[in-house]
Structures are given as C-alpha cells and as structure tokens.
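Work through the exercises below with the sequence and the model open. Try each task before reading its solution.

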Amino acid sequence: MPAMRMAFPVQQVERLQGLQVGAVVRFALQARGSAWVITTIEPVEEHPPPRPAMFPAPDFTLPTLSGAPIRLAELRGKVVLLNFWATWCVPCRLEMPALETLYQRHKDAGLAVLTINLDTLSTAGVEAFVQEVRVTFPVALDPSWSIARAYRVLGLPTTYLIDRAGNAVVREVGERDWLDEVSRVAVEGLLQ
C-alpha cells in the first residue's frame, strides 16, 4: 500500500517519543467532539512476529504426492509447520525454498514440515514444482479444500505452527521469510 499522509492531534505527546520521521505506525483514533484524536500509536515492526493462535489442530489423513497417506496425528510429539499452498500462488512458490531450508536445519531437533497443496486440476504441475525446488518433506494433496476449510484457510499461503501436543499455536497468512530472526526464534522456541 502506498504511504498516506494524514493529520490528527495526539492525545498524549509522550506516545510520539522514539518514533522517527517516515516510520510506519499502527494507531487508533477516537472521536473527541467534532475532531478525531490519536489515542494509541506504536511502530510496526519490519518483520512482525507470527500471529498467535491456540486451538487443537484438527486431525486429517490425506494422500501425498508419493501416494502414501499421511495423518497429522502420526506427527504428534514433533513441532509441525503446516503450510497450505497452490502452484498458481506466487507467494507460495517464493516461500517454498525457505521452508525446505528450515526443515533441513531443524528436522533432527523434531521439526516436521508438511505442506498441503490445494491445486484442483492436476498433480503434474505440483510434481514438477516440487522436483524443481527439491522439496524433501511430504506434500499432501487436498484438491477439494476440505482440510483447508477445517483450518479456515482464506488466503494463500496460510501456515500454522503446531506444538508437540498437537495445538496450533501460530497462524500466518501470506508469504513469510521463515528464515528471518523472528521466525527462527518462534520455531526454535517450540522445539525446546
């Protein structure tokens, strides 16, 4: 989104301390008579932390590209990065190499990466892309989007971090650099 300029009075000037000119901020407005006043203001981090979630991850069994079925419950005891994606989704394709690198770095510590492809027409494009990127983690297939609906996937990619007890504790919608510092800390924190 392009930068916008707006002018609002600030209720408490000390809220502006530490902000730099050109900083990206999140703020709340409140009506004060005929004027609007900024009541809260905070800088937006360049790489915000993944969004927290907390619910038991719905179990499922899906076929994989290799033909073998995979069941989420079989991964209990591991930290699972569950990623919903499609080959036609450019951000999904862009983050896939980082998911592979993350998997290679942490698989011995108990990280499982499971992606669920949502392509509805054919698996040929999925197979070609997975071979091109050299993905080694399982790729499950959900062309009916039944599991995507169970996880309330509204945008792609959507990624969940599931703790060792089977609870979805983080939900991220949109492309993320899973190798940045914030993501590394989130994943490693669950692996401890």
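This is a predicted model: local features need pLDDT of at least 70, side-chain atom pairs count only at pLDDT 80 or more; totals for chains, interfaces and linings use all residues.

Residues are numbered from 1 along each chain as its sequence is written, and side-chain values use heavy atoms, with hydrogens and water left out.

**Exercise 1. Describe the secondary structure of the chain.**

Step 1. Take helices (H or I, at least four residues) and strands (E, at least two) as DSSP runs, numbered from the N terminus.
Step 2. The chain then has 4 helices and 10 strands.
Step 3. Their order along the sequence is β-β-β-β-β-β-α-β-α-β-α-β-β-α.

**Exercise 2. Describe how helices H1 and H2 cross and which residues make the contact.**

Step 1. Two packed helices are described by the angle between their axes and the distance between the axes.
Step 2. Axes are lines fitted to C-alpha atoms, for helices over the stretch in contact, and angles run from 0 to 180 degrees between N-to-C directions.
Step 3. The axes of H1 (residues 90–106) and H2 (residues 124–133) come within 10 Å, crossing at roughly 40°.
Step 4. H1 is therefore oblique to H2; angles under 35 degrees count as roughly parallel, over 145 as roughly antiparallel, 65 to 115 as roughly perpendicular and the rest as oblique.
Step 5. With contact meaning heavy atoms within 4.5 Å, H1 contributes Arg93, Met96 and Pro97, and H2 contributes Phe129, Glu132 and Val133.

**Exercise 3. Find the residues that touch the most other members of the largest nonpolar core.**

Step 1. A nonpolar core is a set of buried Ala, Val, Leu, Ile, Met, Phe, Trp, Tyr and Cys residues joined through side-chain atoms within 4.5 Å.
Step 2. Among its 48 residues, those touching the most other members are Phe60, Leu82, Phe84, Ile116, Tyr151 and Ile162.
Step 3. Strand S6 (residues 79–85) gives the most to this core, with 6 residues.
Step 4. Leaving aside residues up to four places away in sequence, Phe60 has contacts that include Ile70, Leu72, Leu82 and Tyr151.

**Exercise 4. Are His106 and Phe27 buried, partly exposed or exposed?**

Step 1. Buried means under 20% relative accessible area, exposed over 50%, and partly exposed in between (1.4 Å probe, protein chains only).
Step 2. His106, in helix H1, has a relative accessible area of 10%, so His106 is buried.
Step 3. Phe27, in strand S1 (residues 25–32), is at 36% relative accessibility and therefore partly exposed.
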